[in-house]
Amino acid sequence: MQSKSNYTGLAGYRHDSLPATGVLLVNLGTPEAPTARAVRPYLAEFLGDPRVIEIPRWIWKLILHGVILRIRPRRSAEAYARIWTDKGSPLRVFSEAVASGMQSELSQRRSGPIRVALAMRYGRPSVLQSVAQLQREGVRRLLVLPMYPQYSATSTGAVLDAVADAIKELRWPPELRIINDYHDDTGYLDALAASVRSHWNKHGRGDRLLLSFHGIPERYVRNGDPYFCQCQATARLLRERLELGPEDVTVSFQSRVGRERWLHPYTDETVRELGRSGIGVLDVISPGFAVDCLETLEEVAMQNRDFFLEAGGRELRYIPALNDDAQHVQALTDLVLRHTQGWPECAPDYDGEAAARRLTAAHERAGKLGAHD
């Protein structure tokens, strides 16, 4: 009796199949709908990841399932409903647009077979599903690009876990490369600076520019997470491009959860302080988010706007994430091409006809040796 295989693969390998390179973009994820019923499984997967919450599992499971998942889904659903669009979740809509734009850009700049796919770390399409799809499309070399400019174990690290889990399921895994971060990438920084300048050209320059990054517990940084330093580096490099002094730019951290001390200063406290200090017009950008999502559209542009106005500020103006802006897509495509150097399909001089002839000859040799397609 034949035992069931523990690994997935493609039966009937063909020796004349042209290999392709795959680019897997991975973002955080989103519930399927702005309802408590849809939000609950999404939050369970997200907050159940030990990369995100680093406390003993048995304690956290009691808190998560006994308290948080009984209360937070309804509140989160109400927040999602405030930003939901006719096309769905902004995070998914913009992420799909970036993937589509990158596919178009790569097709124009390279003649080799390159496939771009999108996955969500939590929710659908999962990393496992997207990797399996790329394998079915003939991908033999895979570059993973987490859509987080600054590395953190809570974000990029969690993506790497999911990729590892997906790869170990495969009978014949692809050659693998991963981009850990791009916090100081020239193209990314130029796109950020252009976005701020475009906002100022249309609306005038505010009294202060606030850079609000997603927060993580300070304990994670003490244990070796480079996130805080990379956020500060991004802030400094962006400030230099905008020719601003340290007094013109403030850095803060948003989205803290629980009672543990997170990275300081907190965004909600910062906007209140700026409002009380006489700052009338506050421009806010979130450089840690590749595309707009709940944390930018609802938390920053709505909640923190209210905090600022209540504290005496006159106007909080949120500068959108880079989303599918052409300069952003080009910067990420440049990043991909740098990290895929040496892979035949990504070479400027790729010759598809020559590659096909080589594979046809290999197919004929394999046939003579008794191989079957």
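Helices and strands named in these legends are DSSP runs, numbered from the N terminus. All views show a predicted model.

**View 1. Ser-155 in the loop between β3 and α5.** Ser-155 sits in the loop that links β3 (139-146) with α5 (156-167). Its relative accessible area is 12%, and buried means under 20%, so Ser-155 counts as buried. Leaving out residues up to four places away in sequence, Ser-155 touches Tyr-148 and Gln-150.

**View 2. The open sheet β6-β5-β7-β8.** Four strands form an open sheet in the order β6-β5-β7-β8, and their pairing is parallel. The edges are taken by β6 (249-254) and β8 (315-319). Each of these two has a single partner strand, so one side of each has no neighbour in the sheet. From one strand to the next, the twist averages 30 degrees.

**View 3. Pairing of β5 with β6, and helix α8.** Strand β5 (residues 208-214) runs parallel to β6 and is joined to β6 by six bridges. Within this pair, Leu-210 stands opposite Thr-250 in β6. Helix α8 (residues 227-241) lies across β5 and β6, at about 150 degrees to β6.

**View 4. Crossing of helices α2 and α10.** The axes of α2 (residues 57-83) and α10 (residues 294-310) come within 9 Å and cross at roughly 90 degrees. Angles of 65 to 115 degrees count as roughly perpendicular, which means that α2 is roughly perpendicular to α10. On the α2 side, the contact involves Ala-79, Tyr-80, Arg-82 and Ile-83; on the α10 side, Leu-294, Leu-297, Glu-298 and Met-302. By class, six residues of this contact are nonpolar and two are charged, with no polar residue.

View 5. The largest nonpolar core has 52 residues. The members that touch the most others are Val-23, Leu-25, Met-102, Leu-145, Leu-209, Leu-211 and Leu-242. Helix α6 (residues 186-203) supplies the largest share of this core, seven residues.

**View 6. Surroundings of Leu-25.** Neighbours within four places in sequence are left aside here. Leu-25 is then in contact with Val-98, Ala-99 and Met-102, with Val-116, Ala-117, Leu-118 and Ala-119, and with Leu-145 and Met-147. Met-102 and Leu-145 are listed with Leu-25 among the residues that touch the most other members of the largest nonpolar core.

Conventions. Residues numbered from 1 in each chain as written. Predicted model: local features only at pLDDT ≥ 70, side-chain atom pairs only at ≥ 80, totals over all residues. Heavy atoms only, no water. Axes fitted to C-alpha atoms, helices over the stretch in contact; angles between N-to-C directions. Parallel < 35°, antiparallel > 145°, perpendicular 65-115°, else oblique. Contact = heavy atoms within 4.5 Å. Nonpolar A, V, L, I, M, F, W, Y, C, P; charged D, E, K, R; others polar. Core = buried A, V, L, I, M, F, W, Y, C linked by side-chain atoms within 4.5 Å. Buried < 20%, exposed > 50% of the residue type's maximum accessible area, 1.4 Å probe, protein only. Pairing = 2+ DSSP bridges.
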